[in-house]
Amino acid sequence: MEGQQQEKQVTGYLLFSLGTAVIGSLQFGYNTGVINAPEQKLRSFFNDTWMERYGEPISPGICTIVWSVAVAIFSVGGMVGSFSVGVMANRFGRRRSMFLVNSLAVIGGLLMGFSTICSSYEMVIAGRLVIGLFCGLFTGLTPMYVGEVSPTPLRGAFGTLHQLGVVVGILIAQIFGLEGLLGSEKLWPLLLALTVAPAILQCILLPFCPESPRFLLINLKQEEQARKALVRLRGSEDVSKDLQEMKEESAKMAMEKKVTILELFRSPSYRQPLLVAVMLQLSQQLSGINAVFYYSTGIFESAGVKQPIYATIGAGVVNTIFTVVSLFLVEKAGRRSLHLLGLGGMAISALLMTISLLLKTLPGMSYVAITAVMLFVAMFELGPGPIPWFIVAELFSQGPRPAAMAVAGCCNWTANFLVGMSFPKLVELCGPWVFLIFTTFLILFFIFTFIKVPETRGKTFDEIARSFGGAPPPTSSSVEDPPASASAATTLPASPVKEKVPLVEAPAAAPPPAAETTPLEDKSNSTVQESV
């Protein structure tokens with residue numbers, strides 16, 4: 001009977017609504033991966049523009065700085081966007097927010113698309129900033145909407161669609177970036193501007209999707225509108241159970257004291273879990289994964305691979321496969337053990353990458369480089385990709401969780417930005433030894449995880465709090481306004497590239513998660529699902 005009920009809840013209209021929302025996740029993945037393939041064409045464009053203006057070639061140092069800014073400015077937009085998700089989603093609603101945010105994709109895409117006509121590399125940088133803002137918003141909006149329209153028993157499973165959209169988007173960007181398609185000298189502006197097409201498609205489809213029933217009921221108090229939306233989504237007139245569940249969860253959320261970001265830093269009981277949360281986010285970004293994603297073509301080229309772009313596409317396929325694998329493993333193995341396995345495997349892969357780059361003149365070393373990158377990506381997807389977001393959501397109960405997720409998301413995007421800015425310069429300074437820096441970070445994070453990070457699978461918040469030697473989180477005796485509480489629960493930034501949702505609900509308060517992930521790891525799925 002239960003199976004039949006679940007089948008009934010999965011209607012064509014629900015799948016259509018989910019598919020429309022996940023176009024935003026695909027956009028995030030596409031814009032993360034698209035900058036990789038046309039690197040040399042962009043550098044040539046910077047040089048040509050410089051020659052036109054100043055009558056002399058651009059110096060290699062300046063060219064590298066401009067290229068680094070074009071790559072890393074994306075993360076600055078993401079930081080701002082990720083902090084704005086909750087405010088926008090509660091002011092305009094989930095569906096209308098997605099519709100409005102697509103205007104940023106159109107603006108950013110057109111700026112990059114017309115950069116060669118206007119002979120302005122500044123337009124490429126401005127376009128990347130606007131697209132970053134767009135992606136920061138969508139990495140929160142998509143998992144939020146998906147979590148709120150999905151039936152409760154299937155919320156975790158459908159939540160994985162966001163991360164799957166991200167990695168598929170990266171793969172599509174790598175394929176379109178081929179020289180024979182849009183990665184040529186003349187067509188690369190079209191490759192960057194192509195993000196406008198899915199934005200327009202989503203704007204056409206969104207009016208046919210419902211607003212989130214949870215937003216209608218809790219934020220707007222429109223119970224009848226929420227009931228109508230649920231009837232269409234579930235394909236059944238009897239939606240009283242869903243409505244009752246939303247009312248109960250709203251009341252439960254209002255019972256616990258909300259914690260601001262400042263209170264989070266001041267309270268001794270939150271200090272240890274906050275340290276773990278921030279360190280795990282840093283372990284995700286400082287592992288060097290974005291250096292590999294952004295610059296994989298250059299890495300393969302340095303290792304002597306004759307067709308580096310195809311090797312990059314292979315890494316994208318591995319990324320997609322292991323994203324699916326990790327979603328099943330994360331609920332079977334412990335979070336802590338998988339994170340340790342991922343960090344250890346990545347450290348070994350980074351060593352292999354260093355050796356292959358140092359000995360690239362030897363026959364067969366290009367194959368070692370490819371293997372090392374594939375292993376690096378696979379290990380990331382097993383551990384540091386999904387795990388930080390699961391644990392952040394599980395370390396904190398309902399009250400402090402939004403603030404904790406905001407801090408964690410900001411650390412993630414900031415580290416993402418620093419890696420994007422510094423990696424090209426580090427390559428110039430260190431050459432093949434650059435991956436030893438990431439190996440050192442990975443070993444340090446491995447030691448920290450082994451000593452400090454508790455296993456959270458199957459534990460209540462009280463048990464996790466006791467493992468830090470602290471008391472359970474405080475609750476408020478007065479009941480706060482439910483809409484305000486709902487607003488707090490959704491003001492969460494997302495993970496830039498990697499965030500995943502477990503298939504089984506987490507213990508105690510609510511269902512778990514960039515998010516975030518994306519990455520793609522963000523913000524995300526867990527928090528959104530829990531807030532539903």
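Reader: Which helix gives the most to the nonpolar patch?

Author: This is a predicted model. In it, helix α17, residues 335-358, gives the most to the nonpolar patch, with 4 residues. The patch covers about 680 Å² of surface and is made by I348, L352, I355, L358, L359, L362, L375 and W433.

Reader: Why is I355 called partly exposed?

Author: I355, found in helix α17, has a relative accessibility of 41%. Partly exposed is the term for values between the buried limit, under 20%, and the exposed limit, over 50%. Since 41% falls in that range, I355 counts as partly exposed.

Reader: Why is R43 called buried?

Author: The relative accessible area of R43 is 18%. R43 is placed in helix α3, residues 39-54. Leaving aside neighbours within four places in sequence, R43 is in contact with C63, T64 and W67.

Reader: Which residues have the most contacts inside the largest nonpolar core?

Author: They are F46 and V101, in a core of 58 residues. Helix α6 gives the most to this core, with 14 residues. Not counting residues up to four places away in sequence, V101 touches M88, F134, L137, F138 and L141. Apart from this core lies another, of 36 residues, including F293, M346, V377 and F435.

Key. Residues numbered from 1 in each chain as written. Predicted model: local features only at pLDDT ≥ 70, side-chain atom pairs only at ≥ 80, totals over all residues. Heavy atoms only, no water. Patch = residues over 30% accessible without salt bridge, like charges linked within 9 Å, V, L, I, M, F, W, Y side chains within 5 Å. Areas by Shrake-Rupley, 256 points an atom, 1.4 Å probe, with all protein chains shown as cover. Salt bridge = Lys/Arg side-chain N within 4 Å of Asp/Glu carboxyl O. Helix = DSSP H or I, 4+ residues; strand = E, 2+ residues; numbered from the N terminus. Buried < 20%, exposed > 50% of the residue type's maximum accessible area, 1.4 Å probe, protein only. Contact = heavy atoms within 4.5 Å. Core = buried A, V, L, I, M, F, W, Y, C linked by side-chain atoms within 4.5 Å.
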